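Please keep the viewer open as you read.

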Amino acid sequence: MAKATSLIKGVTMNSERDNPTEAQSGEGPSQGKSTKILPLNKSSRRISRAAKQEKGRSIRLQKAAAKRARQDARRKLRDKLGDAAPPKEQPKTIESMREYDLTMVEADDEEILHDEANDEMCSYFNRETKPKVIITTSPYAKVNTFKFCYELQKCIPDAEVFTRKGIALKKVVKQAKQNDYTDLIVVHEDRKMPNGIVLCHLPDGPTAFFKINSLKFTKNIKKKGETTGHHPEVILNNFNTRLGHTVARMFACLFPHQPMFTGRRVVTFHNQRDYIFFRHHRYEFKREGEKAALLELGPRFTLRLKWLQKGTFDSRYGEYEWVLKRHEMETSRRRFFL
């Protein structure tokens, strides 16, 4: 009995030695603070990525189905009401909500018609002169710049490419006038790639400088076609202001008056938010004229007007009609100048 009592005391002393805090406070394991419960595994709370994607896909499908249902209902209403049907809703875009410009051109504005009938390019539109275009480069240009010049030559009929070594641009303009050229195109380069175009209408101007962006040569275009020698049709789209009309007329002066419709070639200058997209296509009719397909001929690039100058090129004494100053003029995303 005495031996059993000593064993119990030994166990008690060992437990007090292992946990002296409980021994001093008199609290046992059941009387202390509650044990901390570990959180559940994070993966059990997280929705799997596949489930999220499936949920988003189902929401998009529901929205698309609801949109189609609304479109079908509006179409049935238009078919039922006929001419009395409400007009189609126009989507709200930055262009459709553009700020009003005082220089916007109306269809039958007598002042604008008078100005265009007496400007520097009226001889072309009166068919008194035929386009004769010269294309050259900045001094000591590299291979890609000449390559771009020859691709422009394919787009513009009766254009000629000349090498410019160290001749000043004013002398080039003077020589072009003496040889009865009607337009001068000078391709500038930066880091061995074309980055700008000076377009000068001869003999009295105006002169414009454009920045080149997103240039893609013909060989880099997939499913491209071969250019023929037919005179192309020219499309000048969305040039709405007086400045835009001037720029569009300068582009029109590069091409012959009468297109050859048998070649089905089209050169497009499309203005969108003051960026001018250049495209060169050939169209083909399918299903007995019900549909048309386009085959791109190249090149493909985008232009941004930087300045417009009266008369021929004169960097020192020239009178500038318009200069792009981005930080002063681009105060709103809905403000455009062309």
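A residue is called buried when its relative accessible area is under 20%, exposed when it is over 50%, and partly exposed in between, using a 1.4 Å probe and the protein chains only. With that in hand, look at R265: its relative accessibility is 2%, so it counts as buried. R265 sits in strand β7, which covers residues 265–272; helices (H or I, at least four residues) and strands (E, at least two) are DSSP runs numbered from the N terminus. Not counting residues up to four places away in sequence, R265 touches K154, C155, T227, T228, G229, H230, P232, E233, H280, H281 and L297, where a contact means heavy atoms within 4.5 Å.

A word on where the values come from. This is a predicted model, in which local features need pLDDT of at least 70 and side-chain atom pairs count only at pLDDT 80 or more, while totals for chains, interfaces and linings use all residues. Residues are numbered from 1 along each chain as its sequence is written, and side-chain values use heavy atoms, with hydrogens and water left out.

Now step back to the whole protein. There are ten helices and eleven strands, and 34% of the 338 residues are buried. Among contacts with a separation of 6 or more, 65% are between residues 24 or more positions apart. The accessible surface is about 23,200 Å², with 51% of that belonging to carbon and sulfur atoms; these areas come from the Shrake-Rupley method with a 1.4 Å probe, and for residues only the protein chains shown count as cover.

The expected span of a helix is 1.5 Å times one less than its number of residues. Helix α4, residues 49–81, has 33 residues and should therefore span 48 Å, which agrees with the 48 Å between its end C-alpha atoms. After α4 comes G82, with a positive phi near 70°. Helix α7, residues 143–155, has 13 residues and reaches 19 Å from its first C-alpha to its last, close to the expected 18 Å. Within α7, the buried residues are T145, F146, F148, C149, E151, L152 and C155.

What about the empty space? Rolling a probe the size of a water molecule over the atoms shows where such space is left. On a 1 Å grid over the protein atoms alone, a cavity is a set of points where a 1.4 Å probe fits but cannot get out, whereas a pocket is an open set with protein on both sides within 12 Å along at least five of seven lines; lining residues have an atom within 4 Å of a point. Points are joined across faces, edges and corners, and a volume is the space filled by probe spheres set on them.

The search finds two cavities of 30 Å³ or more. The largest has a volume of about 120 Å³, and its lining includes L152, I156, F251 and F301. Strands β4 (193–201) and β10 (300–309) each supply at least two residues of that lining. By class, the lining has eleven nonpolar, no polar and no charged residues; here Ala, Val, Leu, Ile, Met, Phe, Trp, Tyr, Cys and Pro count as nonpolar, Asp, Glu, Lys and Arg as charged, and the others, Gly among them, as polar. The second largest cavity, at about 40 Å³, is lined by D274, R304, L305, W322, L324, F337 and L338.

The largest pocket has a volume of about 430 Å³. Of its 21 lining residues, R242, L243, T246, L308 and E321 are the closest to its centre. Helix α9 gives the largest share of the lining, five residues. The classes here are eight nonpolar, four polar and nine charged.

Finally, some backbone details. Cis peptide bonds join L202 to P203, with omega about 10°, and G205 to P206, with omega about 5°. P203 lies in the loop between β4 and β5 (207–216), and P206 lies in the loop between β4 and β5. R127 is not a glycine, yet its phi is positive, about 60°; R127 is exposed, with a relative accessible area of 55%. D158, also not a glycine, has a positive phi of about 60° and is exposed at 51% relative accessible area.
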